[in-house]
Amino acid sequence: MALSTAADLIDAPLLYKGKVRELYDLGEHYLIVVTDRISAFDYVLEPPVPEKGNVLNRLSSFWFDKTKHIIDNHVVHTDVEQLGAVVKDRELLKDRIMVTRKAERIDIECVVRGYITGGGWRQYEQTGEINSISLPEGMRKNERFPEPLFTPAAKNDVGHDEDISLDRMKELVGVELTGDLEQKSLELYEFARAYCEERGIILADCKFEFGLIDGKLILIDEIFTPDASRFWAKEKYALDVEIDSMDKEPVRSYLAASDWDKNSTPAPLPAAVVAETTARYTDILQRLTTPS
C-alpha cells in the first residue's frame, strides 16, 4: 500500500509538509515520516510510488549509522514501537519513521560533485564555471573531476535553491562554519564514493543538510538516498550522453516524452511507470545494503 500522507495516522502536531517528508512535533524531538509521494519538475505527482518512502528512510538510517564516525547526526531511533499511541498504524509506518533531535537548520545545501553532469554541466557549458569555480576548457559531459567539487546552494523553502560561490557562503554563515561544512561534505562524499564503487555503483554527486545543536555541527535530513544523490550503475557509465540514473528516471523520462506542458498538474502516471520506479528504488536499496 502506497502512502500519500501520514496526517491521519500520527497523533502529534504536523509542523511541515514537504514534497515527500512530513515533520511532526513530539515535544523534545521531531518525528519525520517519509511518504511515497514523488515529485518531478516541481510538481508532486499522482499516484504515490509504493515502497519509495520505505527505501528512502531505510537508506538514510543505514548511511547515518555508517557515517557517524565522520560526523554526528540527528537520529534518535527508527523504532515505531517506541512511539506507542502516537502512531495509529505501526505496520504501515514501521520502515518510514525517524525520531530526531531538534537542530537549528543551517540554510545551506551542501552539494558535492564528483562528475560534471546535470546542472553543473549546464553551468559549465554557459560560463566555463560551476558556482564561480573556473574549470579547464574542453571538459566532457560526465567526466570525473580530479578532485570532488564543493558547490553550495542557499536554501529557499519556496522555489529553487540558489547556487552560490564559496565567498557568498562565507558572507552568509561565516568563514569558520563554511570551512567545517566543506570539509565534512567532502569527507562524507569520499567515504560513500568508495563504498559505492565496491558495489558497482558510481556516486556522481550528492547533497547534504546540516544543523546545530548547542553549537555543535550535526548532519540532518536525509543522506545518500536516490532523492539526494545521483547514482549510476558502473556498466552504464559513458561520456557525452544522458546516463540513466538509479532513481526516479522512469518518471522524468515519461514526462519529458509526453505532451505535458510543464505548467499545469500532469495526468496520473501510468501503472507501468510507477512499477518501474518502485523497482529502481528497491534495487538501489538492495545493492547498497546487502553485505558484499
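Visitor: Why does alanine 233 count as buried?

Guide: Alanine 233 has 4% relative accessibility. Buried means under 20% relative accessible area, exposed means over 50%, and partly exposed is in between (1.4 Å probe, protein chains only). The value of 4% is under the cut-off, so alanine 233 is called buried. A word on where such values come from: this is a predicted model, in which local features need pLDDT of at least 70 and side-chain atom pairs count only at pLDDT 80 or more, while totals for chains, interfaces and linings use all residues. Residues are numbered from 1 along each chain as its sequence is written, and side-chain values use heavy atoms, with hydrogens and water left out.

Visitor: Where is alanine 233, and what is it in contact with?

Guide: Alanine 233 sits in strand S17. Helices (H or I, at least four residues) and strands (E, at least two) are DSSP runs, numbered from the N terminus. Once neighbours within four places in sequence are set aside, its contacts (heavy atoms within 4.5 Å) are Gly200, Met246 and Arg287.

Visitor: How do you know that the length of H1 agrees with what a helix should span?

Guide: The expected span is 1.5 Å times one less than the number of residues. For the 15 residues of H1 that should be 21 Å, and the end C-alpha atoms are 21 Å apart, so the two agree.

Visitor: And why is H1 described as mostly covered?

Guide: Eleven of its 15 residues are buried. Among them are Val55, Leu56, Leu59, Phe62 and Trp63.

Visitor: Which residues touch the most other members of the largest nonpolar core?

Guide: That core has 49 residues, and Trp63, Leu188, Phe208, Phe210, Phe224 and Leu288 touch the most other members. The elements giving two or more residues to this core include H1, helix H5 (175–197), strand S15 (201–213) and helix H7 (271–289). Apart from it lies another core, of 15 residues, among them Leu9, Leu31, Val80 and Leu92. A nonpolar core is a set of buried Ala, Val, Leu, Ile, Met, Phe, Trp, Tyr and Cys residues joined through side-chain atoms within 4.5 Å. As for phenylalanine 224, its contacts beyond four places in sequence include Leu59, Trp63, Leu188 and Phe208.

Visitor: What makes the pairing of aspartate 247 with arginine 252 a polar contact?

Guide: A polar contact is a pair of N or O atoms within 3.5 Å; within protein, one must be able to donate a hydrogen and the other to accept it, and residues adjacent in sequence count only if both atoms are side-chain atoms. The side chains of aspartate 247 and arginine 252 make such a contact at 2.9 Å, a distance within the cut-off. A polar atom of the aspartate 247 side chain also lies 3.0 Å from the backbone nitrogen of glutamate 249. Aspartate 247 is in the loop between strand S17 (229–233) and helix H6 (249–257). With a relative accessible area of 6%, it is buried.

Visitor: Why is lysine 262 called partly exposed?

Guide: Its relative accessibility is 36%. Lysine 262 lies in the loop between H6 and H7.
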